[in-house]
Amino acid sequence: MTDQTASDPLTQKLLERAAPSRAEFEDLVIVPIFAVIVALAVGALVMLATAVDLPTIGQSYVALVRGSVGSLNALSETLTAAAPLVLAGLGLALGFRAGLFNIGAEGQIVIGGLVAVIVGFSFAGLPWAIHLPLALFAGALAGALYASIAGWLRAATGAHEVITTIMLNLISYRILDYVLRQPFVQREGRADPISRSVLDSAQLPGLLTWIDPNLRVHAGVFLVVLAVIVVYWLLFRTKVGFEFRASGKNPDAARYAGIRASFIIVAAMACAGALAGLAGANQVLGVLDRASPGFSAGIGFDAISVALLGRSHPVGVLFAGLLFGALEAGGRQMQVDAGVSVDLIGIIQALIIVFIAAPLLVRAIFPWGFRKSEAGRNE
Amino acid sequence: MDIELRGITKRFGPVVANAGVDLHVRAGEVLGLLGENGAGKSTLMNVLCGLYAPDEGEIVIDGRPVTFDGPSDAIAAGIGMVHQHFMLVPVFTVAENVILGIEPTGQLDFLDRAAARRQVREIGDQYGLRVDPDALIEELPVGVQQRVEIIKVLFRSADVLILDEPTAVLTPQEVEEFFGIVRALRDAGKAIIFITHKLDEILEISDRITVLRGGRVAGQGDPETLTTRQLAEMMVGRPVSFDVEKAAYAPGDVLLEVRELTVLRNNDEIAVDDVSLAVRSGEIVGIAGVQGNGQTALIEAITGLRHPAGGSIIYDGRDITHSSVRARHAMGIAHIPEDRQRTGIIGDFTIAENMVLNSYYDDRYASGPSIRWPEVMQHAARYAADFDVRTPSVHAKAFQLSGGNQQKLVVARELTRDTKLLIAAQPTRGLDVGSVEYIHKRIVEARDEGDGVLIMSSELDEIVALSDRIVVMFKGRIVAEFDAFRGPVDRNAVGLAMAGSVSEAAA
């Protein structure tokens with residue numbers, strides 16, 4: 001046990017990393033791809049069942065592709081839609097890893113966005129380099145604090161986070177309504193609840209407006225890339241990430257290892273809330289320029305699907321967010337070109353989740369895509 | 001009914017789990033099937049149950065070859081398996097569990113509960129399996145739940161019963177009762193395959209013994225003439241030492257002192273009642289006792305997982321009664337937890353991650369907020385090699401290891417830290433002979449190097465083999481103490497004390 005050199009052959013052999021097994025590959029790559037294919041096929045059946053004729057179905061899927069990746073504008077829309085989904089999805093994934101089922105991204109987006117707007121239209125005269133980071137930071141902090149309420153309730157009283165975060169979502173809508181009517185927030189000359197506009201110095205700048213002012217993609221995408229890297233680092237390279245994952249996988253073993261459960265719960269909720277708050281800030285500072293009732297648009301709920309589809313892995317969440325962003329952008333095109341209701345996209349998104357959650361079903365549909373499993377062997 | 005497996009070979013990819021195994025069971029006899037974890041016992045039985053189709057070989061029932069396309073074929077042929085982990089619905093009654101899947105129905109397909117209860121009672125009377133058909137499973141002790149599993153199999157008219165590690169979950173008294181049931185079944189003409197890795201039991205209950213090693217039949221024999229030593233050698237493939245070699249008893253200062261400790265269970269019952277106990281460095285103190293007499297709570301209190309209701313714990317001159325788990329780790333207390341699956345390892349984590357489960361924050365492995373994974377990997381690989389954790393790589397997930405290797409992983413993690421006191425709860429439960437021997441050797445080494453060791457085990461053999469001093473816990477109190485370093489202890493006296501008969505237990 002004492003200092004031997006680590007060079008003996010057995011030790012070296014133990015250090016070798018086995019190539020990712022076929023099963024892992026199937027699980028991470030093939031199942032999601034087939035899930036998307038099956039979901040699109042079932043989506044076509046749904047259209048058939050609602051008396052859409054075959055040419056229109058074909059047309060709508062062509063439109064789906066065109067609207068998501070078919071042009072520069074389509075790509076811009078896909079990225080714009082994906083950015084908040086990935087940010088909030090990362091937060092949820094982090095919570096899932098720590099064993100917390102946080103349904104509260106929606107409320108954290110609302111609070112984060114609201115605070116970011118207020119900071120964004122205040123402080124006239126600040127230089128861009130200070131004002132924008134300040135607004136983003138304020139949004140993230142507000143989201144973190146808001147989420148910590150649920151974390152604290154769980155740690156101190158045992159109140160389950162699913163319940164408390166759902167309630168906090170509802171509370172956040174009322175807070176938004178209330179604050180938007182306050183004189184220092186409400187836009188001058190308006191009777192409806194709508195905030196002042198974010199100052200130019202706090203806006204996430206458009207990236208492609210020099211080509212066409214209508215291209216909406218903005219600097220938030222850099223924020224997304226940064227967030228993916230930071231969350232990956234946090235989860236897999238740091239002590240706190242180790243504690244998160246240990247608590248999530250086996251709370252008893254985590255306690256035995258001396259990890260403080262209550263600290264982990266509050267910290268994980270705060271991190272998740274910070275990322276959701278950032279998603280809200282990203283929306284108001286990059287796309288909307290202001291806050292109004294319902295500005296969160298259900299992103300916090302879609303982000304749950306994104307986190308699940310991405311298997312709670314930062315890179316997976318990135319791809320899942322891009323897919324959902326593409327479906328959203330393409331869905332709008334589908335409605336325009338083929339007259340198919342945009343609700344179909346919701347159905348397809350839901351089907352993807354169903355098939356991801358039931359890999360056995362996917363395996364049964366595509367038996368040739370998978371190596372025959374040696375199920376049930378345990379010795 | 002006679003059943004014969006001829007030349008059964010079963011491969012999983014490159015792994016050969018069974019290689020040309022022959023097995024023969026006759027009606028009215030108990031065949032003991034012995035083998036280490038991973039020897040191929042479970043695979044063989046799963047072939048017999050129709051869960052796996054063999055790659056080669058055949059199953060012959062009463063002289064006729066049969067093929068099973070699934071478990072239902074095997075059940076129809078009269079083969080029933082009682083699994084190690086029970087498959088019962090906790091919120092159902094005994095009768096409901098027994099009939100589940102083949103419910104007797106009356107008119108209009110209504111469930112005939114009365115018939116179910118009657119049949120359960122009849123089977124119980126016939127074989128001495130006394131169970132109240134209306135009791136809820138979740139309210140029954142484990143030993144009774146096992147009877148329900150057997151009734152389930154009998155209810156499906158099984159003539160061949162496969163009992164997979166049936167005694168692993170039972171207390172010594174329950175084991176005796178259980179053997180009575182097995183004999184009754186045998187005398188009623190059932191063929192029984194009794195799977196275990198406990199040598200004493202197999203000698204006691206079997207009429208014939210077959211030993212598997214590495215997927216092959218390593219030996220067969222008659223329990224009348226075989227000794228445990230011979231059996232162990234067949235099972236492991238080399239001579240096994242049951243005697244633990246220890247250096248002379250030379251205890252140092254008192255390292256751990258528990259003073260008048262009282263600990264409550266979650267339901268506020270008293271688990272540990274005014275217990276005082278001391279462990280010196282360089283000695284092994286064994287806590288004997290039937291499970292559920294407060295040992296678990298005592299260990300939890302000493303390791304910081306449960307707050308004591310009264311009393312104090314002094315370690316190395318400091319009062320640690322209210323110290324955190326982590327502080328105790330840092331002071332050099334190592335803890336091999338009672339339930340390795342639940343608390344000792346994280347199955348989804350890699351071996352390397354599990355190896356640093358309670359030391360990842362240490363300066364060796366961490367710098368600032370981040371963990372230095374290359375360092376972790378180097379150490380984990382070295383420890384795994386040193387402690388004979390058999391795995392292809394430290395990147396493998398812990399759940400892929402066998403129970404024995406999981407436990408060696410835990411032992412490696414705890415003993416490679418800079419420790420002064422080792423607390424080991426059930427350190428070898430459910431392990432095969434080879435692993436037990438190895439872990440015992442390591443624990444004794446820690447003691448010989450001057451560590452204090454506190455062992456808790458429900459296996460008296462283990463306590464007697466390892467301990468310098470033995471204390472017996474009964475109903476939350478220490479009822480007897482024995483000095484084992486003076487010479488062999490009177491096992492009978494320890495056993496009596498474990499059963500609560502205090503008066504004559506003294507040393």
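This report walks through the nonpolar cores and the A–B interface of the model above. The model is predicted, so to speak of local features pLDDT of at least 70 is needed, side-chain atom pairs count only at pLDDT 80 or more, and totals for chains, interfaces and linings use all residues. Side-chain values use heavy atoms, without hydrogens and water.

Let's start inside. A nonpolar core here is a set of buried Ala, Val, Leu, Ile, Met, Phe, Trp, Tyr and Cys residues joined through side-chain atoms within 4.5 Å, where buried means under 20% relative accessible area (1.4 Å probe, protein chains only). The largest such core has 165 residues, and Leu285(A), Val394(B) and Val472(B) touch the most other members. Its top contributor is helix H11 (residues 261-288) of chain A, which gives twelve residues; helices are DSSP runs of H or I with at least four residues. Apart from this core lies another of 36 residues, including Leu129(B) and Ile150(B).

Now to the interface, with contact meaning heavy atoms within 4.5 Å, buried area the accessible area (1.4 Å probe) that the two parts lose on being put together, summed over both, and a salt bridge a side-chain nitrogen of Lys or Arg within 4 Å of a carboxyl oxygen of Asp or Glu.

| Interface item, chains A and B | Value |
|---|---|
| Residues in contact | 36 of chain A, 55 of chain B |
| Buried area | about 4000 Å², 56% on carbon and sulfur atoms |
| Salt bridges | four |

Arg326(B) and Glu243(A) form a salt bridge through their side chains (3.7 Å, N to O).

How values were computed
Residues are numbered from 1 along each chain as its sequence is written. Chains are lettered from A and ligands numbered from 1 in the order in which they are written. Buried means under 20% relative accessible area, exposed over 50%, partly exposed in between (1.4 Å probe, protein chains only). Helices (H or I, at least four residues) and strands (E, at least two) are DSSP runs, numbered from the N terminus.
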